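Student: Hey, can you walk me through this one? I'd like to go through it piece by piece.

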Amino acid sequence: MADIETHEYDVLVIGAGGAGLRAAVEASALGARTGLVCKSLLGKAHTVMAEGGIAAAMGNVYSEDNWQVHFRDTMRGGKMLNNWRMAQIHAQEAPDRVKELEEWGALFDRTADGRILQRDFGGHRYARLAHVGDRTGLEMIRTLQQHAVHRGIEVHQECTVNRLLKDGDRISGALGYWRESGRMVLFRAKAVVIATGGLGKVFAITSNSWEGTGDGHSLAMQAGADMIDMEFVQFHPTGMVWPPSVRGILVTEGVRGDGGTLKNTSGERFMFNYIPPMFASETADTEAEADRWYDDKVNARRTPDLLPRDEVARAINSEVKAGRGTPHGGVFLDIASRRSEEYIKRRLPSMYHQFMQLAGVDITKEPMEVGPTAHYAMGGVRVDAETAASTVPGLYAAGEVAGGMHGSNRLGGNSLSDLVVFGRRAGENAAKYALGLSGQPSVDQGAIAERSASILKPFEGGRENPYTLHKELQDCMQENVGIIRTDSEMRQALVKIAELRERLTQVQVEGHIQYNTGWHLALDMEHMLRVAEAITMAAIERKESRGGHTRDDFPNASGDFGKVNVVVRERGTAVSVVQEPLPEMPDELKKLFEE
Amino acid sequence: MPKAHLKVWRGDDSGDYVEYDVEYEEGMVVLDVVHRLQATQAGDLAVRWNCKAGKCGSCSAEINGKPKLQCMTRMGTFVDGETITIAPLKTFPIIRDLVTDVSWNYRVAETMPELKLSGPDASGHRRMQQIDIDREQEFRKCIECYICQDVCHVIRDHPENQGNFAGPRFFVQLANVAMHPLDQNPKSATVAHGFGLDYCNITKCCTEVCPEGIHITDNAIIPLKERRVDEYYDPIRAIGRKLFGKK
């Protein structure tokens, strides 16, 4: 295999969204030779789709806010299943990361006295999300992209990593292919940071782009890394439901933060019927109090429209099932009756645009139709809270692909902050690890030869269409491992996944290897099937309902399951699922929950 | 279900249009129809896309001769039976089908000046008034779809200008640096030199096609040209430069 294109780095970062870019910037700043690989063009990663904001307890709007409150909100939002130390580090470091983005060029909306403005969001006690209208993710990725370009980091665009390589137990690089030419490329690296984002494309209704195929989850799992919390998938309560072609596209929680309320077809604000005991003491129980809260956050309690996402998604699901949904299978989200046209267009310009252009709906005059959409994977690579190191030496993970930070349910706004807080830590620790190694670890030539041959197999003749296989997987997961789950349906899903895996060996793509999207999908299918199986197996194991995992057959939270992570491991062809105890929170932090 | 009659560019520079009939439903956009074409008739059709909501700027193409985002062009905007021609962006070399080589833009991006902000005040904040950043926020809405670059005749009709001309997308980025209230770059270094601003004769083609509605010509290019005139062609300043040797 002497002729394969080869690049050599200390640190290879896979994925160029917020986490990957931040990791690459940090690794490079510490003197590590750093390479960055991404499946799309630079600046197109799913981070651009983040709308509402970045959560950081800066206290610019409410001086009562601090990291302890943010930490508490995050843990309660995650139903106490979060890795407490990650949640603590996140709450403590997020404000500095926001200021750093500002220094690098991000222009957040301002308060009257010229500081960074912060907005309300679900599950956050105080207005906490630094934002730019409703395009905060674009601001963040462009800022990091331009900063990385000026640091001279080498970026390999439209390049898909297909395998991680190991030298004995430790990471030694990655093998991928150029989407444009179809040729293989070898990255030799002392350390690898996975920052590949999510896996929404295993579901039929999703806010994710084509890239969210769970590659990083799958690559890490295949390399032997422990995966945790895979059963927890966040269904964002508000995706578009009509027209059909845009079903699933995200409608920012900022609509509700800025005054939008959810209504069923009778015009009832149904969220008042779904306030769980855990949040009852701080949630308004009458419309009058909720309405007062928009202007008086001290004397009124917050509206139930801003309960954590898992609660709102389940409520919408129940309303639709009870026959109180819209003809298109959603509920109404109304901001027009509370806010002026000018206010809506200034605060939510891209929502205005999106509905006007794609649905012909003027959100300054009419309500939107919304329903749940697969949005975010809480589960992922098990990492050390301090260093973002996985259980495989030399392999690091940050952002959505890492597990633990968000527990069973992520709060809105905590993702963008997660990206930069743990992206930075992953880059830093990967660089330190790599710079501490003496030589470049060796790569397994046999594995490279095997992969180079086997990725071409879809051209050799079979009868299965990759698009059909993908659609069948999405429909199966949506139906059987979606918002509401039961044991029998999930077991059916496992049978279907096994069938699809068998049929994938017979996949056939047409044309040649240059920029062949059908072929790329055929190769991504292996990853999607692996993560779909991991999600399903973990979901069968967790016999309770909690956060982004709701069981019809076990509708309540269980004390025992509240003490464990479900861990998925792959060894050879065998996948095992075990329960392991959560890390124990120290007493001084436990006190924060005793009010 | 109605059928759309499509003419889609297939292959590289030496390729040609291929005609297809594809079923579509109410509310679909062009990108949906292209995806259906991929899934049913042309599995290897190359097309870039990501967000499908007009936020990432990946799916730019020339639809019936006009550069647009495929994901924001609704099928309802065509009359029944109209042939829909989908071609790759003309200004950039074709890689395959609807995918073009836009790497030139990324090379220009490397030459852009970097913001250098003054430090925070004693309270730890960088204070800026909203009114002072409204225009820069408009510039920062850019999704890098490169439709403005595609339509700009300075490079569309004269590829030889690519070495001397950054293009509208990057004039917007230069304007962002030039007008940032806390930027400490010497203005002449950021604004004036080397990016070919003078090639632009403000025909506003870029402004007309911008899917984000950025007023590229009025709010970025013209103010940059004015500053350049102020700094370099102001006769009094020119004498000053001669007398005092200032650049």
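Predicted model: local features only at pLDDT ≥ 70, side-chain atom pairs only at ≥ 80, totals over all residues.

Student: OK, chain B then. How many helices and strands does chain B have?

Tutor: Chain B has 10 helices and seven strands. Its C-alpha atoms fill a box of roughly 75 × 45 × 30 Å along the principal axes.

Student: And what share of chain B counts as buried?

Tutor: 43% of its 247 residues. As for contacts in chain B between residues at least 6 apart in sequence, 62% of them join residues at least 24 apart.

Student: Now the contact between the chains. How many residues come from chain A and chain B?

Tutor: 45 residues from chain B and 45 residues from chain A. On the chain B side, helix H1 (30-40), strand E6 (94-96), helix H2 (103-111) and helix H3 (130-139) each supply at least two residues.

Student: Which of them gives the most to that side of chain B?

Tutor: H3(B), with four residues. By class, the side of chain B that touches chain A splits into 20 nonpolar, 10 polar and 15 charged.

Student: Why is Asp132(B) called partly exposed?

Tutor: Because Asp132(B) has 15 other C-beta atoms within 10 Å, and a count between the cut-offs of 12 or fewer for exposed and 20 or more for buried is called partly exposed.

Student: Switching to chain A. What are the domains of chain A?

Tutor: The assignment gives domain 1 as 237-374 and domain 2 as 446-581. Their C-alpha centres lie 32 Å apart.

Student: How many residues of domain 1 of chain A are in contact with domain 2 of chain A?

Tutor: Five, and they meet five residues of domain 2 of chain A. Helix H9 (residues 309-321) of chain A accounts for the largest share of the domain 1 side, four residues. By class, that side has two nonpolar, one polar and two charged residues.

Student: Let's do helix packing. At what angle do H1(A) and H12(A) cross?

Tutor: The axes of helix H1 (residues 18-29) and helix H12 (residues 414-436) of chain A cross at roughly 35 degrees and come within 7 Å. The crossing is right-handed. Residues making the contact include Ala19(A) and Ala23(A) of H1(A), with Phe422(A), Gly423(A) and Ala426(A) among those of H12(A). By class, the contact residues are 12 nonpolar, four polar and four charged.

Student: What does Ala398(A) contact?

Tutor: Leaving aside neighbours within four places in sequence, Ala398(A) is in contact with Ala19(A), Ala23(A), Phe422(A), Gly423(A) and Ala426(A), among others including Val193(A). Ala398(A) is also one of the residues with the most contacts inside the largest nonpolar core, which has 245 residues. Helix H16 (residues 517-541) of chain A gives that core its largest share, 15 residues.

Student: Last one: which residues of H2(A) are buried?

Tutor: In helix H2 (residues 67-77) of chain A, the buried ones include His70(A), Phe71(A), Asp73(A) and Arg76(A). Their cover includes strand E3 (54-55), helix H3 (84-103), helix H7 (277-280) and H12 of chain A. After H2(A) comes Lys79(A), with a positive phi near 55 degrees.

Notes:
Residues numbered from 1 in each chain as written. Chains lettered and ligands numbered in written order. Contact = placed C-beta atoms within 7 Å. Axes fitted to C-alpha atoms, helices over the stretch in contact; angles between N-to-C directions. Left-handed = near helix turned anticlockwise from the far one by under 90°. Nonpolar A, V, L, I, M, F, W, Y, C, P; charged D, E, K, R; others polar. Core = buried A, V, L, I, M, F, W, Y, C linked by C-beta atoms within 7 Å. Domains from an automatic or database assignment.
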